[in-house]
Amino acid sequence: MLAPENTLMSFNRSATECNVKAFETDVQLSRDRIPFLMHDHKSEFLKRTTNITKNVSCGNQLTFDELKTLNAGEWFVEKDPFYTVHLLTENQKNDAKMQAIPSLQELLELAKQHNTKVIFDLYHPEHCDDIKDTEDTVTTILDSGIDQKLVYWLPPKNREYVKNATDFIQIYGNESEMFQENGFHLNVKYSQLTIDKIRKLQEDNIKVNLYVVNERWLFSLLWCAGASSVTTNSCQVLNKMRNPDWTMAPSVYRMIWILVDVGSIFTMIGLFVYQWKTNNFRHREGRTNIL
């Protein structure tokens, strides 16, 4: 929320100001086989978050040097997607405007510096050799010298190859695959799991990460439910919380909601009866005076 997404400014601020435990990003490969950071990989590729003018549909159409010439930060200051730009100083705004597309290598160097984990998805263009993308991404990580236990591997494709070639922590996007492969790390959208399910997974020693959680109330609810971690755009807010905000059990909330509704109904009926009797009394009194 305080820097353009998938830029070094964003990761730097989250590390130094929020002390995040992991950097979450998305990786694609350029034409010269260099993994770089970019979320959009379909119709809006490069158009939403850079100043590109020509029509490009995927990363393997440009070299990394060509990608580096694009501005990846001006859009953030101009569009203010989270209505948070006013919180930035002038120097921070200028810094945001100068951001470029980073390579995975640059992020790994930053992660090593802060001893921060890295979790990412790997996007492949249609009809491409996805095993080659996986191999080149793994090679980049291994060549960086980062502690392999700091790498959380999320992409499901070619997972067996990655497990055989590395000691990366394997993260799964669904329970069935995780249990089938005897995994212990689950990464899903927060709405996919009930509170009871989160607690059951925790009892089974499963680490549960939920995304994307930006609001204090939701973070508090998942905290109380026993979630291991959350992915957020609002680390500067959630990082300041030392305890969950006060919440109540769903059964208590329902009971209060029902009692308040019943009380409101009786109150409205009482007011209606009182008003009707008052008007009726005045009407009779008025007729007596006329007679």
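**Exercise 1.** Is glutamine 99 buried or exposed?

*Solution.* Start with what you are looking at: this is a predicted model, in which local features need pLDDT of at least 70, side-chain atom pairs count only at pLDDT 80 or more, and totals for chains, interfaces and linings use all residues. Residues are numbered from 1 along each chain as its sequence is written, and side-chain values use heavy atoms, leaving out hydrogens and water.

Next, find the residue: glutamine 99 sits in the loop between helix 4 (90-97) and helix 5. Helices here are DSSP runs of H or I with at least four residues, numbered from the N terminus. Its relative accessibility is 9%, so glutamine 99 counts as buried (under 20% relative accessible area; over 50% is exposed, and in between is partly exposed, with a 1.4 Å probe and protein chains only).

Now look at the neighbours. Leaving aside residues up to four places away in sequence, glutamine 99 touches residues including Pro4, Met9 and Leu70 (contact means heavy atoms within 4.5 Å). Its side chain also reaches the backbone nitrogen of methionine 9 at 3.2 Å.

**Exercise 2.** Describe how helix 1 and helix 5 pack.

*Solution.* Take the geometry to begin with: helix 1 (residues 8-18) and helix 5 (residues 104-114) pack at about 10 degrees, with axes 11 Å apart. The two helices are therefore roughly parallel (angles under 35 degrees).

Then pick out the partners: Leu8, Phe11, Asn12, Ala15 and Thr16 of helix 1 meet Glu106, Leu107, Leu110 and His114 of helix 5.

Definitions and conventions. Axes fitted to C-alpha atoms, helices over the stretch in contact; angles between N-to-C directions. Parallel < 35°, antiparallel > 145°, perpendicular 65-115°, else oblique. Polar contact = N/O pair within 3.5 Å; in protein donor to acceptor, adjacent residues only side chain to side chain.
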